[in-house]
Amino acid sequence: MRPLWLCRRCAAPWPCGAARVALLAEYRGNRVGLAVYLAALMTEAEDQLTKLTPATPPADMVNRFLSWVRAPRP
């Protein structure tokens, strides 16, 4: 749900666990593409969330959007 960036199914901050699983399946074999896509969405989310609550800008967005995308170790 934009501009709140909450999951429509579970109301957790998006991308929630279920969204992450779905994104990993959709981008199977293309982690770089997934990271680029999520980086663009992270920028959009930061802008929208900052406009909603300028006194408390969003925190830890890199962890929320990107840290989980790393390729698994062999």
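A salt bridge, as I use the term, is a side-chain nitrogen of Lys or Arg within 4 Å of a carboxyl oxygen of Asp or Glu. By that definition, this structure holds 1 salt bridge.

First, the ground rules. The model is predicted, so local features need pLDDT of at least 70 and side-chain atom pairs count only at pLDDT 80 or more, while totals for chains, interfaces and linings use all residues. Residues are numbered from 1 along each chain as its sequence is written, and side-chain values use heavy atoms, with hydrogens and water left out.

Now the overall layout. The protein has 3 helices and 0 strands, and along the sequence the pattern reads α-α-α. Helices here are DSSP runs of H or I with at least four residues, strands are runs of E with at least two, and both are numbered from the N terminus. The C-alpha trace spans about 45 × 20 × 15 Å along its principal axes. Of the 74 residues, 26% count as buried. Buried means under 20% relative accessible area, exposed means over 50%, and partly exposed is in between, with a 1.4 Å probe and protein chains only.

Back to the salt bridge. Which side chains meet in it? They are Glu44 and Arg2, at 3.0 Å, N to O. Glu44 sits in helix α2 and Arg2 in the segment before α1, so the pair ties together parts that are 42 residues apart in sequence. Glu44 is partly exposed, with a relative accessible area of 27%. Arg2 is also partly exposed, at 48%.

Pro3 belongs to the segment before α1. A cis peptide bond also joins Trp14 and Pro15, where omega is about 5 degrees. Pro15, too, lies in the segment before α1.

Staying in that segment, Trp5 is located there. What is the phi of Trp5? The angle is near 60 degrees, a positive value in a residue other than glycine. Trp5 counts as buried, at 3% relative accessibility. The backbone oxygen of Trp5 lies 2.6 Å from a polar atom of the Arg64 side chain. For reference, a polar contact is a pair of N or O atoms within 3.5 Å; within protein, one must be able to donate a hydrogen and the other to accept it, and residues adjacent in sequence count only if both atoms are side-chain atoms.

That brings us to Arg64, in helix α3, residues 61-65.

Asp60 itself is in the loop between α2 and α3. Asp60 is exposed, with a relative accessible area of 52%. The phi of Asp60 is near 60 degrees, again a positive value in a residue other than glycine.

Next, the pocket. The method uses a 1 Å grid over the protein atoms alone: a cavity is a set of points where a 1.4 Å probe fits but cannot get out, a pocket is an open set with protein on both sides within 12 Å along at least five of seven lines, and lining residues have an atom within 4 Å of a point. Grid points are joined across faces, edges and corners, and a volume is the space filled by probe spheres set on the points.

The largest pocket has about 330 Å³ of space. It is lined by 14 residues, and those closest to its centre are Met1, Leu6, Cys7, Arg8 and Trp14. The elements that give two or more residues to this lining are α1 (17-26) and α2 (31-52). The largest share, 3 residues, comes from α1.

What kinds of residue make up the lining of the largest pocket? There are 11 nonpolar, no polar and 3 charged. Nonpolar covers Ala, Val, Leu, Ile, Met, Phe, Trp, Tyr, Cys and Pro; charged covers Asp, Glu, Lys and Arg; the others, Gly among them, are polar.

Two distances to finish. Ala11 and Met1 are 10 residues apart along the chain, and their C-alpha atoms are separated by 8.4 Å. Thr43, in helix α2, is 24 residues from Ser67 in sequence and 15 Å from Ser67 in space, C-alpha to C-alpha.
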